[in-house]
Amino acid sequence: MKKSSWIIFVLLPLGFSLSAFETQKENVKLEVNEDSGRYNVRYAESLAEGDFVPFFVPEDIWTTKDILILGGRRFVLGDEGGFKTEVLPQSTGARILWSRSDFSVQKTIEIFSSSESQSGSGVKITYTLTNTGASNTRAQIGILLDTYLGEQGVHFYTSDGQAITAEREIESFEMPESIVSRKRDESAGLRVMTLGSQLSSPQRIVLANWRRINDSKGDFDIKEGRDFNQLPYSINDSAIYLEYPTTVLRTQQTAKLVVAIGSWSAPALDITN
């Protein structure tokens, strides 16, 4: 059995001028901005070639973001809402904590191996929501992923064989096991797991133009069949929005959700390893 190797070091920059750190396990690299908690994942099909392809748009890491709906108000974590950001490197990834006096969100990112290989396959992301306030509150997580790998061909594929070339909403009753964004030549691709025994399932997924999703601020009016353009500036720019169910948290109560993201070509994305 091949042993896994880990490398952790600090680098500058990560799509912008602020500091970031990087953790690597075999053919997966995790990059995390130390000021905001924003991240990207890079995957190499071959370590010998050393070509690590980012899963999300690398030029502007601010466009992939975590959104918290708390008591009916929307906050972009790492940007607003009075939340303090703490980023702690871990031996297997990173831990990000966004906190204020009445609520906290902890996000733990861990590189994992597939069930058929000791090489890295992707990242497991665990969100822990804690109500530290004096009264009950409603909380919801949304995840906006700024994908790009499929923008020169078919933007997305589902695990049940559907090719998605236009705006689409997928609800819980029709949820596939995963959504894939991959290059036309199949040399690299991202798989977002949406069903699994240890995973949290979204209540809906929106596949649409990034700016349309971002500017909607959670109130998205889906237009089936619409292309991935938002004229005049956002052309052929697709994204994935994962919307998770709202949870009612009593004071001092916590809730967790688990997400898995990895290479589309890796063996089964088994987050138990």
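Arg 182 is buried, with a relative accessible area of 17%, because buried here means under 20%. This value, like the others below, comes from a predicted model. Arg 182 is placed in strand β16.

Leaving aside residues up to four places away in sequence, Arg 182 touches Leu 149, Gly 150, Val 154 and Tyr 157, and also Ala 188, Gly 189 and Trp 264. The side chain of Arg 182 also makes a polar contact of 3.2 Å with the side chain of Glu 186. That pair meets the rule for a salt bridge, again at 3.2 Å from N to O.

## Two residues with positive phi

Most residues other than glycine have a negative phi. Glu 186 is not a glycine, yet its phi is positive, at about 65 degrees. Glu 186 sits in the loop between β16 (178-182) and β17 (189-193). Its relative accessibility is 42%, so Glu 186 counts as partly exposed. The salt bridge between Glu 186 and Arg 182 therefore pairs a partly exposed residue with a buried one.

Gln 252 also has a positive phi, of about 70 degrees, without being a glycine. Gln 252 lies in the loop between β20 (247-249) and β21 (254-263). With a relative accessible area of 54%, Gln 252 is exposed, because the exposed class covers values over 50%.

## Salt bridges

Side chains of opposite charge can pair when their charged atoms come close. The model has 10 salt bridges by the rule used here. One of them joins Arg 100 to Asp 102, with the closest N and O atoms 2.6 Å apart. Both ends of this pair are partly exposed: Arg 100 has a relative accessibility of 25%, and Asp 102 has a relative accessible area of 28%.

Another salt bridge links Glu 169 and Arg 204, whose closest N and O atoms are 2.5 Å apart. Glu 169 belongs to strand β15 (residues 168-171) and Arg 204 to strand β18 (residues 204-209), so this pair ties together parts that are 35 residues apart in sequence. Both Glu 169 and Arg 204 are buried.

The network consists of Glu 169, Arg 204 and Glu 243, joined through salt bridges with shared partners.

Terms used:
Residues are numbered from 1 along each chain as its sequence is written. This is a predicted model: local features need pLDDT of at least 70, side-chain atom pairs count only at pLDDT 80 or more; totals for chains, interfaces and linings use all residues. Side-chain values use heavy atoms; hydrogens and water are left out. Helices (H or I, at least four residues) and strands (E, at least two) are DSSP runs, numbered from the N terminus. Buried means under 20% relative accessible area, exposed over 50%, partly exposed in between (1.4 Å probe, protein chains only). A polar contact is a pair of N or O atoms within 3.5 Å; within protein, one must be able to donate a hydrogen and the other to accept it, and residues adjacent in sequence count only if both atoms are side-chain atoms. Contact means heavy atoms within 4.5 Å. A salt bridge is a side-chain nitrogen of Lys or Arg within 4 Å of a carboxyl oxygen of Asp or Glu.
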